[in-house]
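Reader: I am new to this structure and would like to understand the words used for it. Could you take me through them?

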Amino acid sequence: MTRIQSSQLVFVSSWCSYLFDVLVGPALYAFNNAVFTDEDWEGIQRAGRSIKQDDPTKVGRFGIGFNSIYHVTDLPCVFSSKHLAVFDPQMKMFDNKKEGYRWSLDDEEDRRHLLEFTDQFKPFQDIVHLVSRCSWKKIIDEQNFSGTLFRFPLRSEASEISDNLYNSSKITQLFNSFIADAEISLLFLRNVSSISLMHVDTNGTANVRMKVSVASPEIPLYQECFRREMVEGKTSYKTVSCFSSSGTETKAEWLVTTSRLTEGNIPEIDTLAEKLSFLPQVDVAFQCDEVKTCDSGRLSCFLPLPNNETNNTGLPVHVNACFGLTDDRRYIKWQEEDQKNDESAMWNELLKKEVLPHVYLKMIRDAVQLSTKSLLPASAVYSLWPDLSKTEHNDRWHEVALDVFKRLFQTKGIFSLAQNEKNWVAASEAVFPSNSTDSGVMSAVSRLLIKEGENLITFPEHVLTAIRTVFPEPAALKWVTPCLVRNVLRKTEIGNVCKDDKLSLLEYILSDGKYKELHGLQLLPLSDGSFRSFTNKEEDTVLIDNEEFSR
């Protein structure tokens with residue numbers, strides 16, 4: 001099919017007219033503005049044998065996309081381009097034991113039937129007008145329908161196909177479950193830019209339950225030859241807009257990095273990719289307009305997998321890949337005791353271990369580049385870093401977080417300066433805050449260090465934890481200490497420092513108990529509000545006014 005710009009799911013409560021007796025009642029419709037090709041018509045008739053199975057770029061390669069609708073219906077219908085088809089795998093509806101029938105808009109007799117049998121084709125006529133704004137007669141006369149409309153009459157009694165019955169309430173539950181994940185449903189789809197959910201009641205009134213759309217503004221990003229082209233891809237912005245039934249609109253800004261492993265780097269992946277017809281591509285998405293540490297990262301295989309503990313990673317990013325899934329497509333296969341030799345499980349483990357860390361690192365590096373152009377705040381870049389406290393109870397994803405940090409700490413320009421967050425420096429050039437001191441005192445220390453040209457950096461607590469946990473020899477870094485501040489003070493024109501800051505600085509440099517190193521620092525407060533230097537001279541002796549030595 002050609003590129004789909006929009007897709008709609010429509011639930012119709014009931015119809016007064018029908019195509020066949022068994023089609024009476026509520027039905028689920030799905031519409032998109034792409035049309036079926038000859039290949040699509042062929043593929044949709046090959047139950048369980050997808051013609052896309054050898055094309056790793058196609059979501060339909062799993063071979064169960066269309067077949068999944070038989071959970072809901074016994075008689076799926078498709079109207080696309082020049083054909084309207086009804087599928088009857090039980091061979092109960094048509095003469096001569098046919099498995100269905102397809103009307104052609106190019107056939108004069110078929111066109112006459114479609115126009116004359118008004119009641120029989122009523123289930124299509126109103127919906128076609130709703131989604132295309134064209135009358136049924138105009139479409140038949142022009143011999144073309146610009147789009148694809150699926151109709152799935154809900155199964156109301158058990159059949160040879162399934163005893164799973166569906167009614168209005170079950171479809172409403174399906175809609176509600178989709179609405180819960182609507183915001184992230186389009187992040188990793190290449191050919192769908194909007195989805196609408198609608199309910200048509202018994203009076204024919206259409207009510208929009210929800211609409212979600214995604215747009216990608218053209219923002220140029222610096223693209224580097226990353227890790228000798230271990231992975232190739234790009235990072236882009238995506239704006240996701242959600243419209244609710246109440247008429248409210250919400251928007252969220254996302255960074256999405258899409259990268260593919262270049263051939264020849266990991267032979268095991270190359271071999272499995274060819275054997276399984278899988279694509280060695282991993283995507284990550286991060287909501288960049290919420291400045292907070294996030295542990296709600298989900299797994300996706302083009303669409304989000306069910307929101308449960310197994311599919312939650314604890315990472316601040318959503319991860320998408322061409323994963324090998326369990327038969328019910330609800331979980332990713334891993335090399336556990338019963339699947340140690342499963343090739344799909346081996347593939348998933350390799351993607352997680354060998355590809356995902358590179359893609360994640362690429363997103364962080366690209367986010368830093370966006371920050372240097374004032375397109376992303378430094379706080380958002382740090383929110384992108386994994387929080388080890390959120391992953392430590394999940395070994396599989398904790399290993400990913402540790403690997404990302406090990407690679408990240410080998411790169412330059414990953415720490416934002418406190419004086420100007422657009423400037424990013426290497427660890428060897430930075431002065432690291434300890435974040436263990438009273439905020440008022442540390443504010444005074446920060447002002448001093450920035451004023452004196454020190455490369456002081458700032459970051460949230462989870463970044464500090466990562467540095468202390470993963471960075472090789474963190475003690476070798478240049479940390480903010482009382483000793484450092486005393487050395488800076490010796491170069492400072494102390495008269496330009498306000499009284500409150502002097503008192504805070506004094507409190508800080510006294511905190512390590514090295515009083516001999518106070519010599520020469522003009523931070524000794526006197527009762528008249530002035531300050532004098534600490535010396536060993538007898539004439540400089542001062543009285544400390546307290547209860548034990550009162551004035």
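Author: Gladly! Tyr-382, Trp-385, Phe-405, Phe-409, Phe-415, Trp-424, Phe-432, Phe-459, Phe-471 and Trp-479 form one aromatic cluster. This is a predicted model, in which local features need pLDDT of at least 70 and side-chain atom pairs count only at pLDDT 80 or more, while totals for chains, interfaces and linings use all residues. Residues are numbered from 1 along each chain as its sequence is written, and side-chain values use heavy atoms, leaving out hydrogens and water.

Reader: How many aromatic pairs does a search of the whole structure find?

Author: It finds 23 aromatic pairs. Rings of Phe, Tyr and Trp (its six-membered ring) pair if their centres lie within 6.5 Å; planes under 30 degrees apart are stacked, over 60 edge-to-face, and the rest tilted.

Reader: Why is the pair of Phe-36 and Phe-150 called edge-to-face?

Author: Their ring centres are 6.0 Å apart and their planes are at 65 degrees, so the pair is edge-to-face. Phe-36 lies in the loop between strand S2 (27–32) and helix H1 (38–44), and Phe-150 in strand S6 (residues 145–153), so the pair ties together parts 114 residues apart in sequence. Helices (H or I, at least four residues) and strands (E, at least two) are DSSP runs, numbered from the N terminus.

Reader: What makes the pair of Tyr-382 and Trp-385 edge-to-face?

Author: Here the centres are 5.4 Å apart and the planes at 70 degrees, so this pair is edge-to-face.

Reader: How do you know whether Tyr-382 is buried or exposed?

Author: Buried means under 20% relative accessible area, exposed over 50%, and partly exposed in between (1.4 Å probe, protein chains only). Tyr-382 has a relative accessible area of 2%, so Tyr-382 is buried. Trp-385, at 2% relative accessibility, counts as buried too.

Reader: What makes Arg-102 count as lying over the face of Trp-41?

Author: A charge sits over a ring if NZ of Lys or CZ of Arg is within 6 Å of the ring centre and within 35 degrees of the ring normal. Arg-102 lies over the face of Trp-41, at 5.0 Å from the ring centre.

Reader: How do you know that the span of helix H15 agrees with what it should be?

Author: The expected span is 1.5 Å times one less than the number of residues. The twelve residues of helix H15 (residues 499–510) should span 16 Å, and the end C-alpha atoms are 17 Å apart, which agrees. Among the buried residues of H15 are Leu-505 and Tyr-508.
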